[in-house]
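Please have a look at the structure first, and then we can go through the contacts together.

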Amino acid sequence: MGVTVLQQFPIVENRTGPLTIDLLTKRISALGATQQGQFLVDCETFTSIQQLGHQRTVHVLHNSEQPATVFSILETGTKTIPLATDGLFDLLMTKMNNFYTAKKQTKVESKGPRFEIGDFLVKLGSVTITQNFKGVLVEVEYKPCVVPAMCWELMREFLQGFLGSSVPNTPPAYLQNRMQEIYTPIDTIHQYLEQFTMYRKSPGMRT
Amino acid sequence: MERDLEQLHSALNYLKVLRSNVGQVFETVSNGLGANHGEEGKENKFMIELQELLTTVNNNLRDIETTVSNLTTPTGPFNLGNTSYLSQETTQERQALYSQLVNSYRWTDKVRDYSSLAGNILATNSVSKTYKTLSTTKRRKTQTSNHNVPPEVIESLITSIDRLFPDVTITASRPFAPNPIIQASLGRVLKSIIAFKGLMIEWVVVKAHSESNDLWTESRYRVLRKVTENCHAAMCHFHSPTMPELAVRSFMHWFHSYNTLFSSPCKRCGNYLHSNLPPTWRDLRTLEPYHEDCK
Ligand SMILES: [Zn+2]
């Protein structure tokens with residue numbers, strides 16, 4: 001598991017989601033990437049019922065890269081508590097649906113083709129909220145390096161070479177506070193949640 | 001000489017056949033009449049069988065005599081030198097020494113042949129891992145052995161390297177005492193597993209921290225496989241049979257420059273990536289980073 005950067009790719013006027021994925025697939029293939037299957041990251045959000053006191057939110061996420069793990073992030077209002085558990089956590093959540101109820105119409109997922117190019121892993125995800133297309137998220141992982149500060153410049157060069165000027169010169173907000181720490185799978189989950197939250201807030205397509 | 005040996009071998013072979021056939025004759029005689037000779041005229045059958053066996057023995061004997069007569073008699077007694085005293089050895093377990101001695105003599109003979117061949121080949125394309133002067137006429141002052149050094153010397157070398165660089169942590173293990181295998185972690189960037197042979201670096205493999213510590217599987221990352229390759233080149237470059245400690249120290253100094261493997265751009269083209277790899281080469285003198293194609 002190496003440092004991963006999640007990046008939103010803008011959808012230009014009158015270009016659909018599949019067309020955008022197609023364009024990026026062509027670009028990355030031209031650079032020498034080979035497709036290695038598909039990927040899927042999904043997120044469902046639960047909120048506590050009123051009787052439990054002040055409201056807490058649990059985001060439950062799955063990542064096909066770690067298929068045996070269920071990630072969850074609990075927001076208490078003052079604290080954010082991440083948790084990595086095995087598959088049984090999903091069953092636990094269904095048992096608790098009297099206390100934690102799933103928010104209506106909020107199931108978000110990002111899925112699409114997965115590419116390998118050198119030591120990079122590139123995933124082109126179409127984001128949908130309850131089947132409605134919302135935008136494109138590009139995930140790039142540089143597998144050999146585990147400290148964001150060491151390889152950010154290198155990854156920026158890769159991202160900009162492949163996505164163009166839409167890539168900012170500064171790391172994603174979530175990473176900025178953790179540049180010197182060892183990168184772990186939960187960090188990827190945090191980045192997805194950050195992006196998913198923005199998609200949920202914006203009506204229509206995010207461009 | 002070669003023909004003589006061959007004849008000697010065939011003579012010995014015939015002797016072996018003769019012995020086994022004579023053995024069979026005695027076996028048949030000692031078994032005497034048996035159920036396999038049937039009831040009717042069993043004596044006759046037995047006699048015929050014996051006769052056949054004796055004819056074979058006769059033929060074998062003739063074979064031996066002809067091959068032996070073809071052998072050339074050695075001129076005078078063999079000079080065995082000091083080894084002849086081995087025959088006076090009385091303790092049982094030392095009597096086998098002679099054949100061992102012959103074997104090791106043959107072995108050294110072969111080593112001499114091969115090394116002179118190798119010497120000729122290496123003289124035409126000299127690598128710095130071998131002595132440049134192969135002439136025997138002017139011997140340099142005898143080299144101290146680099147292969148066979150007391151473990152304390154290697155130990156102190158390793159500790160001194162460990163102290164030299166604060167961001168290099170070294171752990172040593174000795175699966176093949178006294179030659180240690182050290183694991184040098186370069187910050188959080190990478191680690192290398194280095195096998196020593198005495199005071200010389202024998203093998204280097206570079207891996208990610210998450211990968212296993214064994215010496216024989218290469219890294220699953222392309223960039224680290226490239227660095228391993230370059231380490232092998234540098235290991236040969238820095239190698240110096242006359243100053244092994246300096247060689248190890250210079251190698252480690254060079255290796256240390258990989259602490260910026262992911263974070264420094266190429267000195268020549270100014271980019272971080274070239275064919276999706278960071279600058280994997282470090283200049284041997286200036287330690288500046290270069291891409292494989294930019295050096
Ligand atoms: Zn370059």
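Between chain A and chain B the count is 0 salt bridges, a salt bridge being a side-chain nitrogen of Lys or Arg within 4 Å of a carboxyl oxygen of Asp or Glu. This is a predicted model, in which local features need pLDDT of at least 70 and side-chain atom pairs count only at pLDDT 80 or more, while totals for chains, interfaces and linings use all residues. Residues are numbered from 1 along each chain as its sequence is written, chains are lettered from A and ligands numbered from 1 in the order in which they are written, and side-chain values use heavy atoms, with hydrogens and water left out.

What does join the two chains, then? The rule finds 5 residue pairs in polar contact across the interface of chain A and chain B, both residues at pLDDT 80 or more. A polar contact is a pair of N or O atoms within 3.5 Å; within protein, one must be able to donate a hydrogen and the other to accept it, and residues adjacent in sequence count only if both atoms are side-chain atoms. On the side of chain A that touches chain B, helix α3 (residues 148-163) of chain A gives the largest share, 6 residues. Helices here are DSSP runs (H or I, at least four residues), as are strands (E, at least two), numbered from the N terminus.

Now to the interface inside chain A. The domain assignment, which is automatic or from a database, gives domain 1 (3-40 + 108-201) and domain 2 (44-102) of chain A.

| Interface | Residues in contact | Buried area |
|---|---|---|
| Chain A and chain B | 21 of chain A with 13 of chain B | about 1,500 Å², 59% from carbon and sulfur atoms |
| Domain 1 and domain 2 of chain A | 15 of domain 1 with 15 of domain 2 | about 1,100 Å², 62% from carbon and sulfur atoms |

Within domain 1 of chain A, Ile186(A), Ile189(A) and Leu193(A) lose the most area to domain 2 of chain A, together 42% of what that side buries.

Across this domain interface the rule finds 2 salt bridges and 4 residue pairs in polar contact, both residues at pLDDT 80 or more. On the side of domain 1 of chain A that touches domain 2 of chain A, α5(A) gives the largest share, 9 residues.

Notes:
Contact means heavy atoms within 4.5 Å. Buried area is the accessible area (1.4 Å probe) that two parts lose on being put together, summed over both.
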